[in-house]
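Here are some notes for a colleague opening this structure for the first time. Please read them with the model on screen.

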Amino acid sequence: TCNGTTAQRWTVGTDGTLRANGKCMDVTSAGTANGTKIQLWDCNGTGAQVWQYNTADSTLRNPASNRCLDVTGNSSADGTRLQIWDCFAGANQRWTLP
């Protein structure tokens with residue numbers, strides 16, 4: 001649930017990163033397979049931390065994996081994990097950037 005805390009305040013870096021709490025959104029272990037989990041990690045300039053926003057369908061693509069940021073199981077429950085998955089622009093892959 002949105003609560004306005006710094007843990008929920010994301011910024012878009014000029015380097016293609018998405019940042020919160022001084023860390024970057026990161027594909028775990030630089031994985032490329034469907035279902036690879038997303039984590040916060042120290043920003044390190046790797047491809048696992050680069051995201052490209054597609055304004056046509058509001059998806060966020062990680063070019064290193066060529067997969068999109070995806071809400072696991074299309075859930076809206078608090079604590080639901082994020083992952084990468086083949087891009088299909090479903091509701092669980094559409095994002096609004098700050």
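1. Start with the disulfide of Cys68 and Cys87. The torsion about its S-S bond is about 100°, so this disulfide is right-handed. Cys68 lies in strand β7 (residues 67–71) and Cys87 in the segment after β8 (82–85), so the pair ties together parts 19 residues apart in sequence. The sulfur atoms of Cys68 and Cys87 are 1.9 Å apart. A disulfide here is a pair of cysteine sulfur atoms within 2.5 Å. Strands are DSSP runs (E, at least two residues), numbered from the N terminus.

2. A word on the basis. This is a predicted model, in which local features need pLDDT of at least 70 and side-chain atom pairs count only at pLDDT 80 or more, while totals for chains, interfaces and linings use all residues. Residues are numbered from 1 along each chain as its sequence is written, and side-chain values use heavy atoms, with hydrogens and water left out.

3. Cys87 is partly exposed, with a relative accessible area of 28%. Buried means under 20% relative accessible area, exposed over 50%, and partly exposed in between (1.4 Å probe, protein chains only).

4. The structure holds two disulfides. Cys24 and Cys43 are joined by one, with an S to S distance of 2.0 Å. This link is right-handed, with 100° about the S-S bond. Cys24 sits in strand β3 and Cys43 in the loop between β4 and β5 (52–54), so parts 19 residues apart in sequence are tied together. Cys24 is buried, at 0% relative accessible area; Cys43 is partly exposed, at 31%. With the bonded cysteines of the chain numbered in sequence order, the pairing is 1-2, 3-4.

5. Strands pair if DSSP finds at least two bridges between them. Across this pairing, Arg19 stands opposite Cys24. β2 and β3 form a hairpin with two residues between them, and Asn21 in the turn has a positive phi of about 50°.

6. β3 also pairs with strand β4 (residues 38–41), in the antiparallel sense, over four bridges.

7. Look next at Thr17, in the loop between β1 (11–12) and β2 (18–20). Thr17 counts as buried, at 4% relative accessibility. Its side chain makes polar contacts with the side chains of Asp15 (2.6 Å) and Arg19 (2.8 Å). A polar contact is a pair of N or O atoms within 3.5 Å; within protein, one must be able to donate a hydrogen and the other to accept it, and residues adjacent in sequence count only if both atoms are side-chain atoms. Neighbours within four places in sequence aside, Thr17 is in contact (heavy atoms within 4.5 Å) with Thr11, Val12, Cys24 and Gln49.

8. Finally, the segment before β1, which holds Thr1. Thr1 is exposed, at 70% relative accessible area. Thr1 touches Gln8 and Asp78, not counting residues up to four places away in sequence. Cys2 is exposed too, at 77%.
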